[in-house]
Amino acid sequence: MSNLAALTSAPKWVVLQLTEKCSLRCSMCYEWGQNGSYHHQAATAELEYGVLEKVITELAPYRPYFGLFGGEPLLYPKVAAVLELIQRFGCSIDIPTNGLLLGKYAEMLVETGPRRLWISLDGPEAINDRQRGPGVFRRVMAGIAKLNQIRQNRGREFPKLGVTLIVTPLNYRYVESFFVELLTDFQLDHISIEFQNYATLAEYQEYCQVLRQEFGISAAPVAAGVIQEPAVFTNIDCRELARQILAIKQFCEQRQVYFIAYPKTICSDNYQAFFTANWREMADWKNKCAFPWIYAEINARGHVTSCHTFYDLTLGSVYEQGILEIWRSAAYERYRNHLRQNLFPICTACSRYYSDPGKK
């Protein structure tokens, strides 16, 4: 993308981290999990609604696709107002959620009609609750049932409902049985199966060095939340996992349920390369990232980045500048120029790395 193109463009995909707060402490979460970076800072920031309103209004003529993020986005006090504003401009919205507030906000969500809800569940009740917390499974399932009922009663198509499962050493044996039962008993429109993203300590240290040398950034506390060593995943049977995920994909195709898997290539060798940190052996490895040219994320402190996972390198603040001014700035272009040549050492630990930017 040339400088001229950047000056005449706007992001096509914008994620708003409404709040850092979350009501769960899921063990594998890079924000609030066992090794999560938010434990080491006062992670209570929320975007001011007036700033959000300004950002959304400025971007509206370009009709970007919006995502709401957290923490837990449904904890944001004015989440209904944010949804109504985005819908007023005719833009699509997706929301990932831990699901605990689905029952409370079911009517509002049907009335405001975001395009998709991605609801986090990680297996059958006993397994899910070990990973996400006691009693979580039943609360989330009750919320899904209520939302489905209200949507059907009012003859509404939206929000489409889906479940996201994060594969970990604890739950990988239950993936197929969980989804087959879930899709048999509940009306779901889409599912996503995603691996627990991670970077090794060596990759993290190399990333910190790049930030210091190339961008003058002295610390990377957010990225520290993804540090894991491959030994954590030693017990995952990649052949069995690939068999299960392929079976689920076929089950979804039969039922016309939208299916996503990250990594996209369903293959035991690909999975083995992922879980042993041999990224370049993966069928899904790539040496380019399209997101700096199409994507912007605004975190709960107002800082703008183009990476969904790592907020350490930011390119401006919406409390100080307009979003389009930041998008078209020299700082953003310098960032783009760097990624034209080199990915960051921990790019393989970013959840967007394995996604197709043309499909949202």
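Mentor: Two strands are said to pair if DSSP finds at least two bridges between them. With that rule in hand, we may read this predicted model.

Trainee: In what order do the nine strands of the open sheet lie?

Mentor: The order is S7-S6-S5-S4-S3-S2-S1-S8-S9, and the pairing is mixed. Strands S7 (258-262) and S9 (304-305) form the edges, each pairing on one side only.

Trainee: Which helix packs on the sheet, touching S1, S2 and S8?

Mentor: Helix H2 (residues 49-59) does so, in contact with S1 (13-17), S2 (65-69) and S8 (295-298). The direction of H2 makes about 175° with that of S1.

Trainee: How many bridges join S3 to S4, and how many join S4 to S5?

Mentor: Strand S3 (residues 93-97) is joined to S4 by four bridges, and the two run parallel. Within this pair, Ile-95 has Leu-117 of S4 as its bridge partner. Strand S4 (residues 116-120) is in turn joined to S5 by five bridges, again in parallel. Here Ser-120 stands opposite Thr-164 in S5.

Trainee: What lies on the S6 side of S5, and in which sense do S5 and S6 pair?

Mentor: Strand S6 (residues 190-195) pairs with S5 in the parallel sense, over six bridges. Ile-166 has Glu-194 of S6 as its bridge partner.

Trainee: How many residues of S5 are buried?

Mentor: A residue counts as buried when its relative accessible area is under 20%. Seven of the eight residues of S5 (residues 160-167) are buried, so this strand is largely enclosed by the rest of the structure.

Trainee: Which residues of helix H5 are buried, and what covers them?

Mentor: In H5 (residues 125-132), the buried residues are Ile-127, Asn-128, Asp-129, Gln-131 and Arg-132. Their cover includes S4, helix H6 (136-153) and S5. Directly after H5 comes Gly-133, which has a positive phi near 130°.

Trainee: How should I read the packing of two helices, and at what angle do H9 and H10 cross?

Mentor: One begins with the axes and then turns to the residues in contact. The axes of H9 (residues 238-255) and H10 (residues 268-275) come within 8 Å and cross at roughly 125°. That angle makes H9 oblique to H10, and the crossing is right-handed. H9 contributes Cys-238, Arg-239, Leu-241, Ala-242 and Ile-245 to the contact, while H10 contributes Ser-268, Tyr-271, Gln-272 and Phe-275. By class, the contact residues are six nonpolar, two polar and one charged.

Trainee: Why might residues three or four places apart in an α-helix point the same way?

Mentor: An α-helix has 3.6 residues a turn, so residues with that spacing point the same way.

Trainee: At what angle do H8 and H13 pack, and how far apart are their axes?

Mentor: H8 (residues 201-215) and H13 (residues 330-341) pack at about 125°, with their axes 13 Å apart. H8 is therefore oblique to H13, and this crossing is right-handed. The contact is made by Val-210, Glu-214 and Phe-215 of H8 with Arg-334, Tyr-335 and His-338 of H13. These residues divide into three nonpolar, one polar and two charged.

Trainee: Where is Cys-347 found, and is this residue buried or exposed?

Mentor: Cys-347 is in the segment after H13. With a relative accessible area of 14%, Cys-347 is buried. Its C-alpha atom is separated by 16 Å from that of Glu-194, a residue 153 residues apart from Cys-347 along the chain.

Technical notes: Residues are numbered from 1 along each chain as its sequence is written. This is a predicted model: local features need pLDDT of at least 70, side-chain atom pairs count only at pLDDT 80 or more; totals for chains, interfaces and linings use all residues. Side-chain values use heavy atoms; hydrogens and water are left out. Axes are lines fitted to C-alpha atoms, for helices over the stretch in contact, and angles run from 0 to 180 degrees between N-to-C directions. Angles under 35 degrees count as roughly parallel, over 145 as roughly antiparallel, 65 to 115 as roughly perpendicular and the rest as oblique. A crossing is left-handed if the near helix is turned anticlockwise from the far one by less than a right angle, and right-handed if clockwise. Contact means heavy atoms within 4.5 Å. Ala, Val, Leu, Ile, Met, Phe, Trp, Tyr, Cys and Pro count as nonpolar, Asp, Glu, Lys and Arg as charged, and the others, Gly among them, as polar. Buried means under 20% relative accessible area, exposed over 50%, partly exposed in between (1.4 Å probe, protein chains only).
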